[in-house]
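User: Please walk me through the pocket and the helix packing of this model.

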Amino acid sequence: QDVIVKAQLECAPLACSLRYAIERQRRTRALEAASFIDELTGLYNQRGFAAFAEHDIRTARSTEMPLLISVVELAGLTEDLDLILVRFAELVRACLGEGAAIARLSDRRFGICTSTLTETGLEHTLEFLEREMNLPFALRGGSATYCAGRPGGLPELLAEAESRLAPKAAMLAH
C-alpha cells in the first residue's frame with residue numbers, strides 16, 4: 001500500500017507506513033461489514049442475508065441438517081413505521097438468538113434463516129411477536145425447509161417461502 005525507498009528505510013517511517021496500512025485495512029473491512037447491515041434495524045440487509053444464508057445452506061448440505069428459510073411481513077402498518085420496525089427487529093433478534101441470520105429484506109419484509117426453528121416453531125414465534133408488539137397489524141409468514149439432497153439454493157427457497165406468505169393462522173395449511 002505504501003512505497004518506501006530501500007535507501008531511505010528507517011524504523012520510524014516503516015512503523016508509520018505499517019500503522020497507516022493497518023488502519024486503511026481496518027476501514028476497508030468496516031465498510032464491507034457495514035454494507036451487510038440495514039441502517040435502521042441493525043439487522044442484515046438483502047446482501048448480508050444472501051451471504052450468510054448461502055453459507056448456512058452449504059453447511060446444511062454438508063451436514064445433512066434441515067434449515068428453515070422464512071419470510072415475515074408486517075401487514076397493515078400505516079404510522080410510525082420506523083419505530084415499529086426497530087422494535088420488531090429487537091424482538092425477533094431476542095427470540096431467535098445469535099444462531100439465526102435475520103434480515104430486513106424490504107420496507108416491511110424480513111428474512112430468517114435458522115436451523116433451530118421448524119415451521120411450527122415459526123408459527124408460535126409469530127404469535128408471540130404479535131402479542132409482544134401489541135399493535136394493530138398482522139404478521140404474515142411463509143417458509144421453506146431445506147433438506148439434504150434438495151436442489152437449488154437461496155433464491156428458490158425464498159421464492160417458495162414468499163409463495164407461502166399468508167396470515168399466520170394459515171401458515172401450516174400449505
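**Pocket and helix packing**

Analyst: The largest pocket is lined by Ile37, Gly42, Leu43, Tyr44, Arg93, Gly97, Glu98, Ala100 and Ile102. A pocket is an open set of points on a 1 Å grid over the protein atoms alone, where a 1.4 Å probe fits, with protein on both sides within 12 Å along at least five of seven lines; lining residues have an atom within 4 Å of a point. This is a predicted model: local features need pLDDT of at least 70, side-chain atom pairs count only at pLDDT 80 or more, and totals for chains, interfaces and linings use all residues. Residues are numbered from 1 along each chain as its sequence is written, and side-chain values use heavy atoms, without hydrogens and water.

User: How do the residues of the lining of the largest pocket divide?

Analyst: Ala, Val, Leu, Ile, Met, Phe, Trp, Tyr, Cys and Pro count as nonpolar, Asp, Glu, Lys and Arg as charged, and the others, Gly among them, as polar. The lining has 5 nonpolar, 2 polar and 2 charged residues.

User: Are helix 3 and helix 4 oblique or roughly parallel to each other?

Analyst: Helix 3 (residues 81–96) and helix 4 (residues 119–133) pack at an angle of about 135°. Angles under 35 degrees count as roughly parallel, over 145 as roughly antiparallel, 65 to 115 as roughly perpendicular and the rest as oblique. The two helices are therefore oblique.

User: Which residues of helix 5 make the contact with helix 2?

Analyst: Contact means heavy atoms within 4.5 Å. Helix 2 brings Phe49, Ala50, Ala53, Glu54 and Ile57. From helix 5 come Leu154, Pro155, Leu157 and Leu158.

Key
Axes are lines fitted to C-alpha atoms, for helices over the stretch in contact, and angles run from 0 to 180 degrees between N-to-C directions. Helices (H or I, at least four residues) and strands (E, at least two) are DSSP runs, numbered from the N terminus.
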